[in-house]
Amino acid sequence: MIRHPELRQLTLAHVDCDAFYAAIEKRDHPELLHKPVIVGGGKRGVVATACYIARIHGVRSAMPMYKALKLCPDAVVVRPRMEVYKAVGHEVRALMLSLTPLVEPLSIDEAFLDLSGTETLHQRFPAASMAHLANLIKTELGITVSIGLSGNKSLAKMASDMDKPKGFHIIGMAEAASLLAPLPVNVIYGTGKAMSQKFNIAGIKTCGDLAKAPLELVMTIAGSNAVRIKQLAAGIDQRQVVPDRPAKSISSETTFDTDLADLDALTAILESLSDKVASRLKSNNLAGRRVVLKLKSHQHQLLTRSQTLPDPTQLARKIFDIGVKMLKDEVAPHLFWRLIGIGVEQLVPSDQADPVNLAEPDLARVIALEDTVDRLRQRHGKTAIVSGRQFSRHSHKDSGDNDPDSKEDD
Ligand SMILES: [Mg+2]
């Protein structure tokens with residue numbers, strides 16, 4: 001039972017699955033239901049998701065595993081099954097899309113929904129549709145969600161966090177400003193730790209302070225975001241719900257169990273990542289014009305190098321060749337890396353990919369070869385054919401793609 005004076009007017013919802021990865025593990029392994037479950041691990045193990053029982057002991061996302069296990073020694077640690085989580089994420093999204101086409105995913109397990117204009121279609125007002133969705137997700141998929149309902153994105157996201165798990169929280173527009181006023185400025189989207197500290201030093205401690213502060217002062221701290229941040233602090237947010245955008249880039253990356261400096265080892269990993277990028281390009285009928293190499297040093301410094309091609313490509317061979325060229329310029333004997341990634345940007349439809357040209361007489365052969373390899377992999381699995389370079393590194397473990405929606409929080 002929910003009462004709210006604006007119940008029938010509010011149309012903007014934020015849906016966030018509760019302890020998503022852990023909830024799926026409990027669903028698929030009922031013996032874990034009443035146990036503290038932590039999803040995560042590996043040598044670099046951090047907590048990806050902790051179930052609510054583990055959270056009672058103080059376990060949190062992104063916490064190092066050794067620390068989590070000190071707090072909760074009885075926890076069952078489960079290695080992530082990203083493919084399963086992604087599939088469930090897509091099922092959740094499909095149920096959302098049965099309510100409205102205006103669904104904007106923020107990550108694998110959360111999204112904004114704009115339900116304005118759906119009342120006639122569903123014969124119920126948005127709040128009732130959202131309650132229906134929560135039930136549907138529970139009965140069809142066996143996991144729970146928390147819902148925030150309000151008049152704009154920023155408030156809806158805040159609301160979904162206020163009543164977790166299995167929550168349904170409403171923030172009305174009339175109460176928004178007074179509800180925000182006493183809260184610290186760091187609840188505002190876009191104010192990181194550093195910015196919040198600067199605001200505090202300037203005497204701006206709460207959202208109320210921020211909403212009233214002179215724009216000139218806020219600009220010295222937040223720059224061009226000043227107007228927007230002041231509005232958010234007052235409960236005003238003009239952003240629209242933008243349905244799933246087509247990808248701007250396709251990339252794949254890996255974090256190593258142990259930092260690497262060796263060019264051969266890095267090259268072998270780069271080759272398998274290039275294969276993945278190419279196969280995603282091909283399955284989405286896309287090609288890219290710019291190849292981007294990403295490296296992260298053992299001290300977490302991020303480095304990117306890119307090169308634009310004369311023609312868009314979807315060939316693993318080309319992506320890899322350019323990636324290796326850029327990689328060779330960065331690798332040095334005593335320089336250790338913790339992550340490597342490769343991707344392509346400036347995507348175009350695949351009919352523009354790899355046109356035959358006289359400068360590359362070998363191209364037709366490369367295309368034919370990749371075609372054959374792709375078909376064999378489709379029939380016999382991804383590891384049916386690997387290059388000698390990759391074969392010798394076959395023990396290498398992969399920590400997954402950088403799909404923008406493979407992160408999950410709570
Ligand atoms: Mg969540």
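This briefing covers the domains, the metal site, a surface patch and the backbone of one predicted model.

The model is predicted, so local features are given at pLDDT of at least 70 and side-chain atom pairs at pLDDT 80 or more, while totals for chains, interfaces and linings use all residues. Residues are numbered from 1 along each chain as its sequence is written, and side-chain values rest on heavy atoms, with hydrogens and water left out.

**Domains**

- The chain is divided into domain 1 (1–174), domain 2 (181–233) and domain 3 (249–391), with bounds that come from an automatic or database domain assignment.
- Taken over C-alpha atoms, the centres of domain 1 and domain 2 are separated by 28 Å.

**Magnesium site**

- The magnesium ion is coordinated by Asp16 (OD), Cys17 (O) and Asp109 (OD), at 2.1 to 2.5 Å, where donors are N, O and S atoms within 2.8 Å of the metal (3.2 Å for Na, K and Ca) and, because water is not among the atoms, sites may look incomplete.
- Along the chain, the donors of the magnesium ion follow the spacing D-C-x91-D.
- Asp16 is buried, with a relative accessible area of 4%, and Cys17 is likewise buried, with a relative accessible area of 1%; buried means under 20% relative accessible area, exposed over 50% and partly exposed in between, for a 1.4 Å probe and protein chains only.

**Nonpolar surface patch**

- Leu215, Met219 and Val227 form a nonpolar patch on the surface, with about 240 Å² of accessible area together, as given by the Shrake-Rupley method with a 1.4 Å probe, where for residues only the protein chains shown count as cover.
- Patches are made of residues with over 30% relative accessible area and no salt bridge, nonpolar side chains (Val, Leu, Ile, Met, Phe, Trp, Tyr) being joined within 5 Å and like charges within 9 Å; a salt bridge is a side-chain nitrogen of Lys or Arg within 4 Å of a carboxyl oxygen of Asp or Glu.
- Leu215 is found in helix H11 (residues 215–222), helices (H or I, at least four residues) and strands (E, at least two) being DSSP runs numbered from the N terminus.

**Backbone**

- Most residues other than glycine have a negative phi, and most peptide bonds are trans.
- The peptide bond from Lys164 to Pro165 is cis, with omega near -15°, and Pro165 lies in the loop between helix H7 (153–160) and strand S8 (168–170).
- Lys166, placed in the loop between H7 and S8, has a positive phi near 50° and counts as exposed at 63% relative accessibility.
- Ala19, in the loop between strand S1 (12–17) and helix H1 (20–28), has a positive phi near 40° and counts as buried at 3% relative accessibility.
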